[in-house]
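Reader: I would like to learn how to read salt bridges in a model. Can you take me through a case?

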Amino acid sequence: PSPDDFVLGRGLTAGRTERIEASLKPIPADLTIATIPDKARIYVKNQFQGDSPVTMNNLEPGEYRIRAELTGHDTMARTIILQRAEKRVEEFRLQRNCGKLSITTSPAGVVVLIDGKEKGVTKTTALETDRISDPLEIDLLSAGTHDVELSLKGYFSQKFQIEIERDKTLTAHRLLQR
């Protein structure tokens, strides 16, 4: 047979042109979002996806805006571009934007208010006297100045200010007078 008579699959012959239309779909990507510390709220394209770690499968390749939010930490966001068939892990190391107050009182049983809101009562362990309390830990205080008020029936109230620093613990002890 001559080259013109040669058949090239599905009835095509040499020298002849055929148009083939094919719809190609990109191979999906997988994305895992982790945070340190974990349990941050994760948003992808402004849609809540869950608390970290979060895994999303079968994503179309393209651009994704990711945001991680956790109380007491700076919000972080970034834009990534997923390639087809990519299996990607994005990690966010969140920075604390608050501090902690550790306060003891003499006597125990003192109500502690910070900026006018009750944050707890100082206590002692069961076998201890009430002369000095165990530390009352008050976390997630924003950096800056706060007003503290201590009160216990039968004692003079105390008011003072504290300065909280990012990611630090301020230790204080107060003696209330009858």
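Predicted model: local features only at pLDDT ≥ 70, side-chain atom pairs only at ≥ 80, totals over all residues.

Reader: How many salt bridges does the structure hold?

Author: The structure holds 12 salt bridges. To call one, look for a side-chain nitrogen of Lys or Arg within 4 Å of a carboxyl oxygen of Asp or Glu. Arg19 and Glu21 pass, with their closest N and O atoms 3.5 Å apart.

Reader: Is Arg19 buried or exposed?

Author: The cut-off for exposed is over 50% relative accessible area. Arg19 has 72%, so it counts as exposed.

Reader: Which residue meets Arg67 in a salt bridge?

Author: Glu69 does, at 2.8 Å from N to O. Glu69 is partly exposed, with a relative accessible area of 26%.

Reader: Where do Asp139 and Arg96 lie?

Author: Start with the contact. Asp139 forms a salt bridge with Arg96, and the closest N and O atoms are 2.8 Å apart. Asp139 sits in strand 13, residues 136-142. Arg96 is in the loop between strand 9 (87-93) and strand 10 (98-106). The pair therefore ties together parts that are 43 residues apart in sequence. Now check accessibility. Asp139 is partly exposed at 35%, and Arg96 is partly exposed at 22%.

Reader: Which residues are linked in a network of salt bridges?

Author: Arg78, Glu86, Arg88 and Glu90 are linked that way.

Key:
Residues numbered from 1 in each chain as written. Heavy atoms only, no water. Buried < 20%, exposed > 50% of the residue type's maximum accessible area, 1.4 Å probe, protein only. Helix = DSSP H or I, 4+ residues; strand = E, 2+ residues; numbered from the N terminus.
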